[in-house]
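Trainee: Could you take me slowly through a single part of this protein? I would like to look closely at the sites marked in its record.

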2 protein chains.
Amino acid sequence: MVTHGPHPFDPISPEEIRLAVKILEATFPGVSLRYKRIDVNEPIKKDVIAYIEAERLRRPLPSPPARLLYVLFHRLDTGAFYKAILNADKRSIVYAKELPKEVQGPIDIDEIAGIEEMCMKHPAVLAEIEKLQLPAGVTVCNDPWMYGTDNDTEDRRLFQCFMYMVEVDHPQNNHYSLPCKFSPVFDGLTHELVRMDYLPGGADFETSTTQPWKPVKTVQYAHDLLDEPVRSDLKPYIVQQPEGPSYSVDGNSVYWQKWRFRVGFNAREGLVIYNVTYDNRNLFYRLAVSEMTVPYGDPRAPYHRKQAFDVGDTGFGMNANQLALGCDCLGHIKYFDGYRNDCKGNPLQLKNVICMHEQDNGLQHKHTNYRSGAATVVRNRQLVLQMICTVANYEYIFNYIFDQAANVELEVRATGILSTVPFDNENGQTVPWGTNVGPGVMAPFHQHMFSLRVDPAIDGFKNTIYYEDSVPMPEDEKNPYLVGYVSEPTVMRTSGTANTSVDRHRVFKIRNDNVVNPITYKPVAYKLMAAPSQMLLVSKNAPGYRRAEFATKPIWVTKYQDDELYAAGEFTNQSRRAEGVETWVQRKDNTENEDVILWHTFGLTHNPRIEDFPVMPMERISVMLKPDGFFNKNPALDVPQSSQLFNKSSLHPEEAASCCAGSSSAGTKAKLYKRID
Amino acid sequence: MVTHGPHPFDPISPEEIRLAVKILEATFPGVSLRYKRIDVNEPIKKDVIAYIEAERLRRPLPSPPARLLYVLFHRLDTGAFYKAILNADKRSIVYAKELPKEVQGPIDIDEIAGIEEMCMKHPAVLAEIEKLQLPAGVTVCNDPWMYGTDNDTEDRRLFQCFMYMVEVDHPQNNHYSLPCKFSPVFDGLTHELVRMDYLPGGADFETSTTQPWKPVKTVQYAHDLLDEPVRSDLKPYIVQQPEGPSYSVDGNSVYWQKWRFRVGFNAREGLVIYNVTYDNRNLFYRLAVSEMTVPYGDPRAPYHRKQAFDVGDTGFGMNANQLALGCDCLGHIKYFDGYRNDCKGNPLQLKNVICMHEQDNGLQHKHTNYRSGAATVVRNRQLVLQMICTVANYEYIFNYIFDQAANVELEVRATGILSTVPFDNENGQTVPWGTNVGPGVMAPFHQHMFSLRVDPAIDGFKNTIYYEDSVPMPEDEKNPYLVGYVSEPTVMRTSGTANTSVDRHRVFKIRNDNVVNPITYKPVAYKLMAAPSQMLLVSKNAPGYRRAEFATKPIWVTKYQDDELYAAGEFTNQSRRAEGVETWVQRKDNTENEDVILWHTFGLTHNPRIEDFPVMPMERISVMLKPDGFFNKNPALDVPQSSQLFNKSSLHPEEAASCCAGSSSAGTKAKLYKRID
């Protein structure tokens, strides 16, 4: 039965947001509700599989799985916080349950805008600003922050507002260059001032009452606020695709170079890649960045509570940039939109939150036969899906990159503005946990810890995760010349964790024990090119450790269960401990030849450079999924040769003309060595 | 005094090759000489510094350092092997010394071509081929290999010829798919057959006499030999630079986006980058891949001797591909040529061995002010210098990548064809030290170990190398909330080695103790983004370890001395032990605030995938040098904003038109969130 409703993996539509409001209004007649999140709820996997397998095998489609919606809201009469699951097909409620008092929902955009505005009008804040005795034209603004956690008793919903001086009224003034030394804490529901924190001014824990500001210059980044001129010697670089792109798109379904997948989007994770196949063979059911946490290393209050969870506390989808043609991507661009709700339940369009384009990444493979001079040269054309998230001061760029050799890469770029603190550094003062980045301003050390959730489907939905170490053979008669080394496999038979190991060249693989490669005689597999990273530096005895246990081990393996999507659990904001992977692995489920999930934690220990200020040149980190015994040979062998006829490069003028045999399928034929006399 | 001779860093010219021959003929009158290598000898550094500093500071130039030439040759009368240093300015010989009998020079191209040809005519080889009883049309070829080392007494110059069956007479037939089970060893000087080796056919050490070949199909890569069609759905992707490139070139001197450096080239290392400055501040005196070694993990004879040194045994410059427009690079390309000698001393031009072009690498930095919606977006334009080396079956692609944020990256791509061995795998047989990659053929595990030699000049020629670990603060009163972490520095005060550490996030830095950053209050520095890699797997007790001790530690620090350029020493071919970094560090020189060298060993443990055959999709490994406290802020701040006016992207047709404010220096102004009703 073919339906014309949304595909199971389609993002939420404005109609569905309105439907959710309608259902809940009918469920709570006469009660005013404040909507925090209205989104799709992940469909039940077993029901989806039948549907997507019928699609893949071009069989008649069964009924699609139930279309479920996920809603978080407050009752304005009692203040109670609810989670509801709705059935959009039946236009009915599955359940609505009141959550325990200590559970804090994520921060929403209307809420934070309200706090920010209220803070600026609060008499206690105005009194502190007064004491700064600011010069004419200099004003103050604030960034409300998630409060974090330092005890097990706090039930209030709190916000810590970090205050900054605004030197000039300009849309790109860098207020992060001038942090103030006072920081009010507010109750997010009552808007009451809970406490005025004073920030340390020097290299120790000392704080003081607010003193008149000793003016220093803002480190600006806007070009019209810079002292130096903009570079004038950068020449245009234009990508042209006169015959259009190599991809095609049908709704959120993408086809490119034997790849097929669906582009998902939700407020929490933002970009999600669903149902990835290559040459119509299953590879991955779902790929997403499931969580990230950013703990700070400055040991002083109130910075000890600075630990953002940018997926769970706010949401990459909520914070995704609306991208602009020619600015954020280059070439022939397809954009995807998303929707979110506001606090009243109105749908808001998020225009162009994902962009897709092809790029050239140099050579993919080359070989020159030195006898004949004949070369095979194939370039590495890639398809890139990009999402850029602004989390107040900071930016994350996520790129899923597909190539013609059946590799998928997740590349993360960290950029934006460092989270800064005030620091009286005029006397040559430094701290061992931060870097002076400008006059009066220091950027503390911190970590960015990401969790990539891989729901594999390597030639089917039952897989096994294992790792292989490269180890020298024992020095015995089977290794007479002492050069032998072998790979030593370890199968992760039950849910659990593993460490990466550079010294043992440990490689994690996902295999399908039911499908054997006819040449290697081993089960077909994909490998994870992990990003071995320093794990969480926070003490085991600190709340920040318990809240982010996913970031204490690089590899987690669990057996699939519906609703286990987020490495640090469903509710991270002011969480006392996670209820995520660290809980699920304890089931000790069988994970051999099962529906398994591979969670990879990787990250950056980011001890800021002064060069990262005022806007940071991107720091790149990447993980990749690569076939390893999945195909019978290089899957990119059938990619056309790189040729001048196709690529139309130009020669720097002082050179003589030269050209390769463009259309020859036997490739270029330049002898490696040419004799001159 | 301005001279019109070569610049001290210029590669050898054909005139200089001829001059060298002339000088040596005069030195050895009446003696026939066979020339192995005629190249520039690295100029004396102290003499160069005065010269390049005068260039940088635009002062009158002193006399250039002596132009020295380096020659390796054999006397044909005695067979003795000589090294000579010549003074090209004085047209005279500095010295010519006979080298000890056990020293083997590198393999040259005329030599290997001679061995290859002779092997195919040798009666013992023909007799083995006869026994194969090959079908009509199937022939045999051979790849002569460096012999490697398994004892301390071998004085002969030896070659091991690996034999392959050639299924079809085609310039791109993949003979590596059909390895034979016999392998003759020849004396390279006398051309005598030393031994006929028989290769194991199964998973154990057993060998047998040559049997009739049981035909199997070659795994081909040439498009006209493939069974499947070439992809037809890849659309052209054209890079246009209508205003030309952003670089300019003067001889071998390159200017691009505040960078200036010189492109060097020699037969041994190939591409060398000299005298790198940014905004006229010194950064690096010299960057080069100084050595690499490829030991194999198959424990069986004769594979235990398979350990190529692709720099010292042959030479990346010798094996550099002559690149073709539109095939190996994309965009606006400048090529550089090189020269080498043949065995008679004639100069040969190596056309287009280095290409240079700009590329777009996505975003370099972005920040959106969420209040105003104003975004700063700067793309990552890069300048790439590429060299591609074919070492018989295998290819290495080296890219030095410069960007606008003052980073330099060395990216290595491994591609080409795996070195294969015969393997009777029809019965489901496998080995733990290799991968079946086709019928009758197995690819043994191996490592590729590279040594990047960094001769730094961070704001001057006296530098200090140190490393910083990120470590939790002790759990005491200075860390009351248990979140604090600091960086712990260790200065490498004397020459020695260090390990990388992912768990401690160890970062290696090069600083100038004489120049303090006015904001961080720390010495200006660059950091090495190392590539932590598994080190050599060969046993400490094997010759392969002693020959490549550079590959047993990731970091080596030495005090600069002229002529200490190659990590495994000057002569690697059949070496019994290296005389390289492992020797030089033992001097325990002071390396604090001195002229120091940083050697970084990194590599790939390459346990082949079947997908790496017949031609391997590139495996990428990269190291980077990044400013860290060198500048006072992000050095790319003055790069023009990314705009549609400049970039001219196109929108996928189904989308509505949309565009960012191209020419605004305040960047794009799309609000992050837009309300729909």
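Mentor: Gladly; here is a close look at the annotated sites. Please keep in mind that this is a predicted model, where local features need pLDDT of at least 70, side-chain atom pairs count only at pLDDT 80 or more, and totals for chains, interfaces and linings use all residues. Residues are numbered from 1 along each chain as its sequence is written, chains are lettered from A and ligands numbered from 1 in the order in which they are written, and side-chain values use heavy atoms, with hydrogens and water left out.

An unreviewed UniProt entry places the feature "active site" at Asp310(A) and Tyr394(A); UniProt positions follow the numbering used here, feature names are shortened, and annotations may be inferred rather than shown by experiment. These positions are spread over 85 residues of sequence, yet they cluster in space, with a largest C-alpha distance of 10.4 Å.

Start with Asp310(A), which lies in helix H5 (residues 310-314) of chain A. Helices (H or I, at least four residues) and strands (E, at least two) are DSSP runs, numbered from the N terminus. Asp310(A) is buried, with a relative accessible area of 3%; buried means under 20%, exposed over 50%, and partly exposed in between (1.4 Å probe, protein chains only). Among the residues that Asp310(A) touches are Met146(A), Glu291(A) and Tyr396(A), leaving out residues up to four places away in sequence; contact means heavy atoms within 4.5 Å.

Now turn to Tyr394(A), found in strand E19 (residues 394-403) of chain A. Tyr394(A) is buried too, with a relative accessible area of 6%. Its contacts, again without residues up to four places away in sequence, include Cys389(A), His448(A), His606(A) and Met616(A).
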